Amino acid sequence: MSAPHTKRVCQIIKLKPERADEYKEVHRNVWPGVLNALERYHIVDYSINHYPPLNLLIANFKYTGSDFEKDMKAIGDDEEMQRWWRLKDSMQESFNDGASGSGKEIPWWTDVEEVFRFEGGSSA
């Protein structure tokens, strides 16, 4: 088994504008089981930002495990995550052709390419 590493992920999805208030309220009251599942599958430092002019949700998280594909499959099969996604999916629209919801074969959220990163540190 490989050693854990950190993989940063950024994803986007469209928020239905008429559901914005409901989406924010649901996330203010996220279920403990969802938070536990995120940690169980090595997802940390998770945030979702909303950009209203484009009805855009931007998710950022770090993956700290050693097998990203395995953990993403496992979280997709997790009953608590499936219940959470059923609640939220009706509030969103995917940018991915053929996507039908979270945890399905075609990704619901679209991965966004990282073009720059600065992690700090001492300057020369």
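**Close-up views of a predicted model**

**View 1. A nonpolar patch on the surface is formed by Val115, Phe116 and Phe118.** Together these residues present about 440 Å² of accessible area in this predicted model. Phenylalanine 118 is located in the segment after strand E5 (110-111). Its relative accessibility is 65%, so phenylalanine 118 counts as exposed.

**View 2. A salt bridge links the side chains of arginine 117 and glutamate 119.** The N to O distance is 2.8 Å. Arginine 117 is partly exposed, having a relative accessible area of 37%, whereas glutamate 119, at 62% relative accessibility, counts as exposed. Through salt bridges that share partners, Glu114, Arg117 and Glu119 are joined into one network. The structure holds 8 salt bridges.

**View 3. Within helix H1, arginine 28 and glutamate 25 lie 3 residues apart, about one turn of the helix.** The two form a salt bridge whose closest N and O atoms are 2.9 Å apart. Arginine 28 counts as exposed at 57% relative accessibility; glutamate 25, at 38%, counts as partly exposed. A further salt bridge joins arginine 19 to glutamate 22, with 2.6 Å between the closest N and O atoms. Glutamate 22 counts as partly exposed, with a relative accessibility of 36%.

**View 4. Helix H2 (residues 32-40) has Val34, Ala37 and Leu38 as its buried residues.** Seen down the axis of H2, these buried residues fall within an arc of 100 degrees, and therefore line one face of the helix. Pro32 and Glu39 are exposed on the other side of H2. The cover over the buried residues of H2 includes strand E2 (43-51), helix H3 (68-77) and helix H4 (79-89). Just after H2, histidine 42 adopts a positive phi of about 65 degrees.

**View 5. The largest nonpolar core comprises 24 residues.** Ile75, Met81 and Trp109 have the most contacts inside this core. Two or more residues are given to the core by each of strand E1 (7-15), helix H1 (20-28), H2, strand E3 (56-63), H3 and H4. The largest share, 4 residues, comes from E3. Not counting residues up to four places away in sequence, methionine 81 touches Val34, Ala37, Leu38 and Ile75. In soluble globular proteins, nonpolar side chains tend to be buried together.

**View 6. Serine 102 occupies the loop between strand E4 (92-93) and E5.** Serine 102 has a relative accessible area of 12% and is therefore buried, the limit for that class being under 20%. With neighbours within four places in sequence left aside, serine 102 is in contact with Trp85, Asp89 and Trp108.

Key
Residues are numbered from 1 along each chain as its sequence is written. This is a predicted model: local features need pLDDT of at least 70, side-chain atom pairs count only at pLDDT 80 or more; totals for chains, interfaces and linings use all residues. Side-chain values use heavy atoms; hydrogens and water are left out. Buried means under 20% relative accessible area, exposed over 50%, partly exposed in between (1.4 Å probe, protein chains only). The arc is that of the directions from the helix axis to the C-beta atoms. Contact means heavy atoms within 4.5 Å. A nonpolar core is a set of buried Ala, Val, Leu, Ile, Met, Phe, Trp, Tyr and Cys residues joined through side-chain atoms within 4.5 Å. Patches are made of residues with over 30% relative accessible area and no salt bridge: like charges are joined within 9 Å, nonpolar side chains (Val, Leu, Ile, Met, Phe, Trp, Tyr) within 5 Å. Accessible areas come from the Shrake-Rupley method with a 1.4 Å probe; for residues, only the protein chains shown count as cover. A salt bridge is a side-chain nitrogen of Lys or Arg within 4 Å of a carboxyl oxygen of Asp or Glu.
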